Amino acid sequence: MLTGMPTPSSTPPSTSPSTSPSTSPSNTPSTYAHLDADLLRRQTAAAVELIARYWNSLDSRPVRSAVKPGEIYDAMPPVPPSKGLGEAGFSEALRTIEGLFVPGLTHWQSPNFFAFFPANISTPAVLGELLSAGLGVQGMLWATSPACTEVESRVVDWLAQMLDLPEAFLTRSANGGGVIQSTASEATLSALVAGRWRVQRALGEEERPLAIYASTQAHSSIIKAAMIAGLARHPEDARHARFIPVGDDFSMDTGALRARVMADAASGMAPCFICASVGTTGSGACDDLAEIVAIADECGRRHGIRPWVHADAAWLGSACICPEFRHLLRGIEGVDSFAFNPHKWMLTNFDCDCFFTRDRASLTASMSVTPEYLRNAASESGGVIDYRDWHVPLGRRFRALKLWLVIRHYGVEGLREYIRGHVAMAENFEQLVVADGRFELCAPRSASLVCFAMKDRDDAENKRLLDAVNATGRAYLTHTVLPATPSRPKRLVLRMAIGAATTTPEHVRAAWDTICSCV
Ligand code: PLP
């Protein structure tokens, strides 16, 4: 593979663009008017300088924007320029970005960002985005850019090894492999569609109502996927979508799941999909994968229908590259698919979700449509991967580049240390909460996520505390409402989600001081 490529030494990079045939062919000077290499060189430096200034200013900015709705929209010209502003217009554009757009940003890369889950970026990932944009590849088929496909296969295989996934999830396995998708929501939809395809194929001509399952704490993308797939008309439509209660640790009550799956199957429904959460959005709870797989297998044995099991590890999956977190994936060998987002907590710019399956035949059969114009010899040889069949979009960009650069830059150990740093900060924060009689933990800490609230204060008072903290601009946290469990009441809690690439223990301590000052 890749034989015949010139070695770097045989093609030294040109330093003289005006004479280089690859950047400015002398016989067709206007051919590359839109890919003006000199202009790129001149303007990249100013754009990079803006980013560098922005990064250096993050700590001192209020984390959330103070703009009013419509302010930025109104400040922009209501009609587009009829004549291009050209090169000179770029400096003005940069001034607009810095002066108008940046104040309208929530600073997700701020060291004081503790809201939602992180959306990591890093220098190698940003460079990967730039290179991907500059190479301008559309890799829908292996044939439309073999490197785009093969780098991706190699990089997802690296990740599979980092996560210690079984061999059945690797590219070289008989029926498995990984792919980069856009988001965890797309991963869930893909898995649901693959599971539905597999069950419908097993049913043949027989029509049965389908059923899907997740815990009440699973991400909203599961019911959204059901709505898109035609299995729910609205978020509360429970005719086909079953949301199973959780226990005191907010993980799925697998006894209730077993009862529901078996009752549905016995009543003539076809359970086609179970989504297990490895790190719920609310509290970071982890469902018992091994038990959920056992329930799916039992349904297969007893009722002849084995639902697809998908593990949604959107945020927490990154932690599983550390051996001490790998137990969260116990039972992974029995799931049909697993997805996590390096764009959350693994230093890789949005968007980057890695989806692994050990049944790629069902996945691709559920997604594959081949119009004549996409036919080509390589695809028909059966010897290459066409990732277009592994997800919703047809077109795809070279997203593997940024992931490749990130993994090379940090190495596996560097990425593990990164995760462990945030987990240690969360442990410290947890101790501060526990040691302060005014507060209490509201769920077991999950890696770098701590859910807490003021003791003996109602939800409105806790919400007021959150709003007061956020109003300082010195920290940004978000809330959730955790449901009632056998021994906990329903409760509004504050979520301290540590994971910005810039956060240090001092920032966490400062956030705690801010919280205390707002009580
Ligand atoms: N699943 C879980 C557990 C999540 O926490 C999230 C988002 O935070 C998602 C899915 C959706 O992620 P995405 O934005 O990649 O679709």
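A residue counts as near a molecule or strand if one of its heavy atoms lies within 4 Å of it. The model is predicted, with local features needing pLDDT of at least 70 and side-chain atom pairs pLDDT 80 or more, while totals for chains, interfaces and linings use all residues. Residues are numbered from 1 along each chain as its sequence is written, and side-chain values use heavy atoms, leaving out hydrogens and water.

**View A. Surroundings of the ligand.** The ligand is surrounded by 13 residues, and the closest are A184, S185, T281, D312 and N341.

View B. A ligand nitrogen atom lies 2.6 Å from a side-chain N or O atom of D312. An oxygen atom of the ligand is 2.8 Å from a polar side-chain atom of T281. For N341, a polar side-chain atom is also 2.8 Å from a ligand oxygen atom. The protein buries 87% of the 400 Å² that the ligand exposes when taken alone (Shrake-Rupley method, 1.4 Å probe).

**View C. The pair F117 and W315.** These rings are stacked, 4.3 Å centre to centre with 5° between the planes; pairing requires centres within 6.5 Å, and stacked means planes under 30 degrees apart. F117 is in the loop between strand 1 (113–114) and helix 4 (123–135), and W315 in the loop between strand 6 (308–312) and strand 7 (337–340), so the pair ties together parts 198 residues apart in sequence. Both F117 and W315 are buried, meaning under 20% relative accessible area with a 1.4 Å probe, protein chains only.

**View D. Charges over rings.** The charged end of R495 sits over the ring of F117, 4.9 Å from its centre. R408 lies over the face of W404, 4.8 Å from the ring centre. The criterion is NZ of Lys or CZ of Arg within 6 Å of the ring centre and within 35 degrees of the ring normal.

Methods
Phe/Tyr/Trp six-rings, centres within 6.5 Å; stacked < 30°, edge-to-face > 60°. Helix = DSSP H or I, 4+ residues; strand = E, 2+ residues; numbered from the N terminus. Buried < 20%, exposed > 50% of the residue type's maximum accessible area, 1.4 Å probe, protein only. Polar contact = N/O pair within 3.5 Å; in protein donor to acceptor, adjacent residues only side chain to side chain.
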